Amino acid sequence: MTTTRRPTEAEWQAVPEETSPAPPPRPPEGARERVNRRWQEILQETRVAQTGVQILFGFLLSLAFTARFRELGPFDRGLYVVTVVLAASSTAALIAPVSLHRCLAGRRLKEEVVTAAGRLMVCGLLLLGLTVACTLMLILNVVLGGALAAGIVVGGVMGWFALCWYGAAYRVRRRALSRTQDH
């Protein structure tokens, strides 16, 4: 039986690392490639947002058929109606890019479709944020027993949403702009 000697740390460091050749430089992205890339990005973003809003919308629709729903007061029932309408509106805006593309496919309007789809996504996300805020307000008003306490918690959560959804993007963009100005 033979034993294999393990290399020492110095021997390991002496072995040159394998390096793969650098990929060839990419040619600049053309207008057609850019619009196709932007469309693919919007589709990916839409898939994520649609799933979330559809689950939330389904949850909201089911609430009206629970026994506890009958116990809600006028404020909570009104808030529920507003929340369901916001969820339906958000669902429409977030699914609209797919419909827009289907209605205009083959008409050489991809750039216009991408621009419109991007705007619909922003609108849908804003409506989704409002839907989440109203859903939280509805639930927390019942759980905490008062609109003031619920409103404070919802305000904090929505501040966190704003920071995550928009503040982070603003900060990244600002840093990138300052980096390009420094060079």
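This is a predicted model: local features need pLDDT of at least 70, side-chain atom pairs count only at pLDDT 80 or more; totals for chains, interfaces and linings use all residues.
Residues are numbered from 1 along each chain as its sequence is written, and side-chain values use heavy atoms, with hydrogens and water left out.

We begin with the helices. Helices here are DSSP runs of H or I with at least four residues (strands are runs of E with at least two), numbered from the N terminus. Helix H3 contains 31 residues and reaches 44 Å from its first C-alpha to its last, close to the 45 Å expected at 1.5 Å a residue; the expected span is 1.5 Å times one less than the number of residues. Just after H3, Gly106 takes a positive phi of about 80°.

The interior comes next. In soluble globular proteins, nonpolar side chains tend to be buried together. A residue is called buried under 20% relative accessible area, exposed over 50%, and partly exposed in between, using a 1.4 Å probe and protein chains only. A nonpolar core is a set of buried Ala, Val, Leu, Ile, Met, Phe, Trp, Tyr and Cys residues joined through side-chain atoms within 4.5 Å. The largest such core has 33 residues, of which Trp39, Ile42, Leu60, Tyr80 and Val154 touch the most other members. Helices H2 (31-63), H3 (74-104), H4 (110-144) and H5 (147-182) each supply at least two residues of this core, and the largest share, twelve residues, comes from H4.

Two residues show such contacts in detail, where contact means heavy atoms within 4.5 Å. Leaving aside residues up to four places away in sequence, Trp39 touches Pro97, His101, Lys110, Val113, Val114 and Ala117. Val53 is found in helix H2 and is buried, with a relative accessible area of 1%.

Charged residues are the next topic. Side chains of opposite charge can pair when their charged atoms come close. A salt bridge is a side-chain nitrogen of Lys or Arg within 4 Å of a carboxyl oxygen of Asp or Glu, and the count comes to three. Glu29, Arg37 and Glu41 are linked in a network. The closest N and O atoms are 2.8 Å apart for Glu29 and Arg37, and 3.0 Å apart for Glu41 and Arg37. Glu41 and Arg37 are separated by about one helical turn, because they are four residues apart in helix H2. Arg37 is partly exposed at 35% relative accessible area. Glu71 also forms a salt bridge with Arg68, at 3.6 Å between the closest N and O atoms; Glu71 is exposed at 61%, and Arg68 is exposed at 52%.

Finally, why does a search of the whole structure find zero disulfides? A disulfide is a pair of cysteine sulfur atoms within 2.5 Å. The sulfur of Cys123 is 15 Å from the closest cysteine sulfur, in Cys134, and is therefore too far for a bond. Cys123 is partly exposed at 38% relative accessibility, whereas Cys134 is buried at 15%.
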